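Me: I have a chain open here and would like to go through it with you. Could we begin with a single residue and then widen the view?
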Amino acid sequence: MSRFSRFLITLALSLAGAALFAAIRAPLPWLLGPMVGAFAGARLPKPFKPLWPGVFRHTAMITIGYSLGLSFTATTLSEMGRQLPSMVLMTVLLLLLSALIAYLVSRLSGLSLPTVLMGSIPGGLSQMIILAEESKGVDLTIITFLQVSRLMMIIFCVPLMVFSPLFGGTHGGAAANVGTASAPWGDLFPNVLLFAAVGVAAAMLGKRIRFPSAFLLAPMIATAVLHLSGVDGPALPAGFLDAAQLFIGTYVGLMLRPESLQNKFRVIVLALMSGVLLIAGALGLSWLLTRMHGVSPATAFLAMAPGGMDQMGIMAKEIHADIAIVSCYQLFRTWFIFFAVPPLIRLLLQRMNAARGAEEMAAGNRI
């Protein structure tokens, strides 16, 4: 089967998933539906093998980064400066909770603590996988599964919660339809061409200098700078954002491969348990954030939810939460994870390896 045929079948499965989720009025049908469709397609019998080029994910990330960048104003940046101590506090608390959950899962499963810890760090999928590839004594398959399963739980559970009466959200496609009325296709030009060129250039530069989540964060920052300097960026029609969600949902759906695990049942149960505990912890921290700064419960929960900034940004846009606050809290955690967590994990690995070596030497001396 040709690559183009594999791509077309994968696209058809993703579109079918989106259509099904839209028909049952599920939240975020263009994100969740393609994820389920792609996951199911990856389980089809051979010789079919799904194909989803990385350029689609990169395009989606640039699109979402642009949309998030438009939400930044001088007022919101001033508010973020005021909330910087809260960002540090909330990030540290969430990471400490992740470490505690990793310790419990490690004790219950018999897996090594560094492996479970790398798999439990919220929002650090790409960084943790890169770190795992460079580290000895960790299981890359387990780390990838824990990270992706947590991400999929967040993508499924968080929309159900924020669209529920608990947060005052509404189900269905009403929110998505707002973008169609407020962002006509004819208003895109000519400014969208400038923002597109700047966004792509920023993404390429970010990738070259190893900027974290370069295809999302670099275009978002570049867009925010242009927007704050007085250049008007047009809002995107709903079709653009629907396509971006489909591209990301399909990519995530193809990442989860539970068939490659050993002790599948135990690992899957523990992954689900850790995901539930993380969501519960994020819910508690969001309540604290609401009490501290008076933001809406939905904004606080999306700011603290241990998922990716792209998915949380999409949800914030759908329910009209404060996108800038959500993005800043998620962005700060991403940067903190990128710069602070890997050195700490490397130090933990070095100490554990040193302790193991000392134990082996002592055992050899006794013999």
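Me: Is Leu 289 buried or exposed, and why?
Reply: Leu 289 counts as buried because its relative accessibility is 1%; buried means under 20% relative accessible area, exposed over 50%, and partly exposed in between, with a 1.4 Å probe and protein chains only. Please note that this is a predicted model, in which local features need pLDDT of at least 70, side-chain atom pairs count only at pLDDT 80 or more, and totals for chains, interfaces and linings use all residues. Residues are numbered from 1 along each chain as its sequence is written, and side-chain values use heavy atoms, with hydrogens and water left out.

Me: Which helix is Leu 289 in?
Reply: Leu 289 belongs to helix 13, residues 264-293. Helices are DSSP runs (H or I, at least four residues), numbered from the N terminus.

Me: And what does Leu 289 contact?
Reply: Leaving aside neighbours within four places in sequence, its contacts (heavy atoms within 4.5 Å) include Gln 83, Met 90, Ala 303 and Tyr 329. The C-alpha atoms of Leu 289 and Met 87 are 9.5 Å apart, although 202 residues separate the two along the chain.

Me: Which residues touch the most other members of the largest nonpolar core?
Reply: Leu 289 is one of them, and Phe 301 is another, in a core of 92 residues. A nonpolar core is a set of buried Ala, Val, Leu, Ile, Met, Phe, Trp, Tyr and Cys residues joined through side-chain atoms within 4.5 Å. Helix 8 (residues 140-162) supplies the largest share of this core, 13 residues.

Me: Changing topic, how many helices and strands does the chain have?
Reply: The chain has 16 helices and zero strands, and buried residues make up 51% of its 367 residues.

Key
Helices (H or I, at least four residues) and strands (E, at least two) are DSSP runs, numbered from the N terminus.
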